[in-house]
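Thanks for making the time this morning. I would like to walk you slowly through one structure, so please have a look at it before I go on.

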Amino acid sequence: MRVFPFLAALAVLSCSSAFAAIVPVDDARWHLQGAEAQVVEFQGRRALHLRGAIAHLADANFDTGVIEFDMAVPSNAPSFPGVYFRGQDDANYEHFYVRPHQNGNPDSMQYTPFINNMTSWQIYKEYNAQTRFPINEWFHVRMEIAEDSARIFVSSQEPTLVVHDLKRDRQAGYIQLRGSLGGAYYANINIEPGAPAAAPPEPARDLPAGLVRAWQVGPAMAEADAFAIASSNRLSGVAWTTLPVETNGIANLSRVAAFAPETTATLARISVRSDRARSVPMRFGFSDRVRVYLNGVLLFAGDDSQTSRDYRFLGTLGWYDMLQLPLRRGTNEIVFVVSEGGEGRIGGGWAANAAFPEATGLTFAPR
């Protein structure tokens, strides 16, 4: 009888070791996609050259372990070359990348989840890091992926970027190398399943008083339909889902609403019951555009899309806005119509946050 556990363990080891070694750049398992995707000789190494192209390892089935490679970027041109991992489809994966045009700056590398066809770097702005890597020369990247966290080393013995909390639900999946706009070279690619040490827990955050900790969120819809629902205050026909906020106090609406070109808006709702008629302040943030309604009356419209203010404006979320809300006694419906992307601008998250610093006498639903 004791042979069965041994055989089961041996089977697990055999499956997990499929990629526990160098994966040659010309291995048939790489599916190259894009016009400029080829195997070349670059500075003495056989390499994948990807420019506006990808190398897809569909059968990686990668969960935890190490992804390691040498990398070179040809210039400081704007670009985002890097790695997708734990990929499920074109709309859901984890993403790490370097930013040659920000080389040496505090955001020269970045992590973001991609959830329901939406990137989220404007929401998780804490997952940037600063380094300086050589241009048009090789440098080394080592990614240690634990169950719910990651440590990323860029030409360093110490972690250059620590991701305390991988934001997608854990699920094994594909790996992709991305060349992005300016292109990149990849060599000495090693994919080794294992169990790296977890990163330290996320540091405690100083969140604002009266934080709204859960929202009701509707499905993605056309912007005109969202405006019509909010302005009429006819909310009973919407299929609402309760969404807790992230550890940074922000509701990542893409967890509920699946963005598509024809459905660029969603509704985020707070029901507030007040013990009397009064005016209260509400601090809030949003990405990318918002209209805020109170009991069907439009009180605020704003656009925080990237570059909407000037070419340096990133559109990351904070607590930059405040409204004075004229609440009536009893139940009040606060509805955010949140739209993704401005006119030709780059989206980086679909989100809302709110806090009521003077919350005595108020009750919130959901809680």
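Strand S3, residues 36-42, and strand S4, residues 45-51, pair in the antiparallel sense over 7 bridges, where strands are DSSP runs of E with at least two residues, numbered from the N terminus, and pairing requires that DSSP finds at least two bridges between the two strands. This is a predicted model, in which local features need pLDDT of at least 70 and side-chain atom pairs count only at pLDDT 80 or more, while totals for chains, interfaces and linings use all residues. Residues are numbered from 1 along each chain as its sequence is written, and side-chain values use heavy atoms, with hydrogens and water left out.

Within that pair, Ala37 stands opposite Leu50 in S4, and the two strands form a hairpin with 2 residues between them, where Gln43 in the turn has a positive phi of about 50°. S4 also pairs with strand S16, residues 184-193, again in the antiparallel sense, over 3 bridges, and there Leu48 stands opposite Tyr186 in S16.

Let me turn now to Asp70, which is found in strand S6, residues 65-72. Is Asp70 buried or exposed? Asp70 is buried, with a relative accessible area of 9%, buried meaning under 20% and exposed over 50%, with partly exposed in between, for a 1.4 Å probe and protein chains only. The side chain of Asp70 makes a polar contact with the side chain of Arg45 at 2.8 Å, and another with the side chain of His140 at 2.7 Å; a polar contact is a pair of N or O atoms within 3.5 Å, where, within protein, one must be able to donate a hydrogen and the other to accept it, and residues adjacent in sequence count only if both atoms are side-chain atoms.

Definitions and conventions:
Helices (H or I, at least four residues) and strands (E, at least two) are DSSP runs, numbered from the N terminus.
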